[in-house]
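This briefing concerns the structure shown below.

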Amino acid sequence: MRGFHRAMEFTDLIGVCQGFVAGASRLVPRLRGREFSESQLALVTRQVEKIRATADWIETAVSTGRVDLDEALAELLRGQ
């Protein structure tokens with residue numbers, strides 16, 4: 001049963017990653033020619049930082065088995 005749960009967790013992780021990629025693939029091309037305010041650009045930049053940090057965390061967890069958050073990542077994900 002434990003192997004089944006691990007397989008489901010892996011499948012869920014892949015699904016979340018694929019969902020993000022699919023969403024970005026649909027939305028980013030629609031941004032052509034649009035202008036954004038300084039505050040909008042700052043917000044997107046902050047969210048992309050979170051995406052990069054989370055992707056690094058996922059990669060570390062999968063390759064090493066370490067799933068703990070360091071304090072800097074935890075603060076970033078909390079928005080601090």
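The crossing of α2 and α3 is left-handed, meaning that the near helix is turned anticlockwise from the far one by less than a right angle. The model is predicted: local features need pLDDT of at least 70, side-chain atom pairs count only at pLDDT 80 or more, and totals for chains, interfaces and linings use all residues. Residues are numbered from 1 along each chain as its sequence is written, and side-chain values use heavy atoms, with hydrogens and water left out.

- The contact (heavy atoms within 4.5 Å) involves R46, E49, K50, A53, T54 and W57 of α2 and L73, L76 and L77 of α3.
- Helix α3 (residues 71-78) packs against α2 at an angle of about 140 degrees, the axes being 10 Å apart.
- Axes are lines fitted to C-alpha atoms, for helices over the stretch in contact, and angles run from 0 to 180 degrees between N-to-C directions.
- The two helices, α2 and α3, are therefore oblique to each other; angles under 35 degrees count as roughly parallel, over 145 as roughly antiparallel, 65 to 115 as roughly perpendicular and the rest as oblique.
- Helices are DSSP runs (H or I, at least four residues), numbered from the N terminus.

**Charge pairing**
- E49 and R46 are joined by a salt bridge of 3.1 Å, N to O.
- A salt bridge requires a side-chain nitrogen of Lys or Arg within 4 Å of a carboxyl oxygen of Asp or Glu, and the count comes to two.
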